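Good morning, and thank you for joining.

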Amino acid sequence: MVNVPTSTASSKEEFYSELKEQIEAIVVGQRNWVTNLANASALIYHGLRQVTAKPINWAGFYLLDPTQATPSLILGPFQGKVACTEIRFGRGVCGTAAQQNKTQLVKDVHSFPGHIACDSASNSEIVVPLDLNGRVIGVLDLDCEVVEGFDEVDQEGLEAVAKILVEACDWRSILGA
Ligand code: SME
């Protein structure tokens, strides 16, 4: 059993530095991606809500769906309300991040063409690709109920978290290898 204490961070910078250490701790001896992404979702969702006091309403992952001929994402481990299950590359914020292999920091989702509203309460979003040697194997997605819920500090922190997770997990079931 991994004992992860409640965050005591007083700033987002401190939170992300703590989060990286926590994620490095939970993946020790564990390379299963479902397990690690499930625990990472919980750490991100609960920790960020507590530290920022912002109404973050979703944090989780979409993964490359190896059963689809057209590049598509399928819902993975998350915290929050029931969400859309399939997103094609190029569609919505998640599909755009996956297609471009580039973080999408969306301060107001209503000004993002094609945004997919899984929850009408969401007003801002950040989506970070999971890049395995130049290939997108999924995305990390966070939603917030207020506009400008995320900034460049979140982007830097979440990109670092995504890198740790990509390196920590075995992706063979997704890559079909
Ligand atoms: N808003 C996303 C869909 C996923 S949910 O936010 C959980 C998008 O536009 O891709």
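This is a predicted model: local features need pLDDT of at least 70, side-chain atom pairs count only at pLDDT 80 or more; totals for chains, interfaces and linings use all residues.

An oxygen atom of the ligand lies 3.4 Å from a side-chain N or O atom of aspartate 141. That is a polar contact, meaning a pair of N or O atoms within 3.5 Å; within protein, one must be able to donate a hydrogen and the other to accept it, and residues adjacent in sequence count only if both atoms are side-chain atoms. The protein buries 99% of the 310 Å² that the ligand exposes when taken alone (Shrake-Rupley method, 1.4 Å probe).

Residues are numbered from 1 along each chain as its sequence is written, and side-chain values use heavy atoms, leaving out hydrogens and water.

Which residues surround the ligand? Among them are Trp58, Tyr62, Ile87, Cys94 and Asp143. Helix 3 (92-100) gives the largest share of this shell, three residues; helices are DSSP runs of H or I, at least four residues long.

Finally, the salt bridges number five, each a side-chain nitrogen of Lys or Arg within 4 Å of a carboxyl oxygen of Asp or Glu. In one of them, aspartate 154 meets lysine 12 at 2.5 Å, N to O. Aspartate 154 belongs to helix 4 and lysine 12 to helix 1, so the pair ties together parts 142 residues apart in sequence.

Technical notes: A residue is near a molecule or strand if one of its heavy atoms lies within 4 Å of it. Helices (H or I, at least four residues) and strands (E, at least two) are DSSP runs, numbered from the N terminus.
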